Amino acid sequence: MKLEAVELLRVELPLVCPFRTSFGTQYARDVLLVRAVTADGEGWGECVALTDPVYSAEYVDGAQDVIERFLLPRLFAAGDVQAHQVAELLRPIQGHRMAKAAVEMALLDAELRSHGRSFADALGAARPAVDCGVSVGIMDSIGHLLDAVGAYLDEGYVRIKLKIEPGWDLEPVTAVRDRFGDVPLQVDANTAYTLADARHLAKLDAFDLLLIEQPLPEEQIRAHAELARQLATPICLDESIVSAQSCVDAILLGAAEIVNIKPGRVGGYLEARRIHDVCAAHGIPVWCGGMVETGLGRAANVALAAGSNFTLPGDTSASSRFFAQDIVTEPFVMQNGQLRVPDGPGLGVAIDYDVLDDVTTARRQVRP
Ligand code: SMG
Ligand code: MG
């Protein structure tokens, strides 16, 4: 498959409500989309980097820059490129996994569409629909939190994840347990604690949480292992897992009892599937994370989340969790707490070009 040109689009989608985490509040999603034009047809990729480098080191302007200046020239120069060769071709460029993932996704979509094969099939999906969890941001009051959680449960979400930070942890968890009983519940700290908080975090053990996600900074694998020894609540890593190799290391060190797989964070859907496989081999359950994706990234995430070792509900929410208007013709709608796995060629979703035009803030053509 020859890559002939790439269009980079920036789209701005307002969120239906502000989304606050320990690293800041999002009001809108500024997304970089990658449209790969190949001799065999086109394909779409979505870059999950946020506007600011606050979740991880990557940020959307940086991702666009590295794609234009360093990634695409290598792929244009390679001549015939298959999606599974992209990671190897881009290996000389260090890091920038979210940027690489977006490019690989676009080529994978083009390739699969041209073969009439779905992402689900290519990623080894084992079921036709996936269970949906929802990630609930930090709120300005417990009352607002309980209203939000109640509304999500009414919609049918089967698992609640609460964002936590020092000063917003035991109280919201207690309130949600008191009000909603034994609903499947987990928390995500986005690196907001230190190992010195171990005794405080151990108080969460009383609430029978599914897991605590990424309590400590990204590099602190050994400290996560130490924390795991002090908590009954399973430790799940998100930010720390950047590849299948780092995942195996974390597992063998005892730092990851559960793994959140985000394709963007690990350099692409193909590496994400390898992480699924190594976790399965080590008896480690996984679930699919989210980065507030449009319908494009959501389609691919749902396909990935249909893998057999995705035994916990993911942050695979309906499009309406974040967006009043998605950029795909059929937004993801939850039914009985599940999203259907697309089974059409490639991502299995179609762009709504009228909406896309409305929300596009910039476009650039990149050619060899
Ligand atoms: O897409 O449902 C989603 C967001 C899920 O909480 C979520 N993601 O650390 O897991 C995480 C965060 C990172 C993105 S916050 C903007
Ligand atoms: Mg997380």
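Predicted model: local features only at pLDDT ≥ 70, side-chain atom pairs only at ≥ 80, totals over all residues.
**Entry 1**

I counted a polar contact as a pair of N or O atoms within 3.5 Å. A polar backbone atom of Gly290 lies 3.0 Å from a nitrogen atom of ligand 1. For Val292, I noted 2.7 Å between a polar backbone atom and an oxygen atom of the ligand. The protein covers 100% of the 430 Å² of accessible area that ligand 1 has on its own (Shrake-Rupley method, 1.4 Å probe).

**Entry 2: the shell**

I found 18 residues around ligand 1, the closest being Ser135, Lys161, Asn190, Lys262 and Val292; near means a heavy atom within 4 Å. I sorted the shell into eight charged, six nonpolar and four polar residues. Asp, Glu, Lys and Arg count as charged, Ala, Val, Leu, Ile, Met, Phe, Trp, Tyr, Cys and Pro as nonpolar, and the others, Gly among them, as polar.

**Entry 3: the domains**

I read the domain assignment, automatic or from a database, as domain 1 (3-116 + 353-366) and domain 2 (121-340). Their contact takes 32 residues from domain 1 and 40 residues from domain 2, with contact meaning heavy atoms within 4.5 Å. The C-alpha centres of the two domains lie 23 Å apart. Ligand 1 lies between domain 1 and domain 2, because both give residues to its shell.

**Entry 4: conventions**

I note that residues are numbered from 1 along each chain as its sequence is written, and that chains are lettered from A and ligands numbered from 1 in the order written. Local features need pLDDT of at least 70, side-chain atom pairs count only at pLDDT 80 or more, and totals for chains, interfaces and linings use all residues, while side-chain values use heavy atoms, without hydrogens and water.

Technical notes
Polar contact = N/O pair within 3.5 Å; in protein donor to acceptor, adjacent residues only side chain to side chain.
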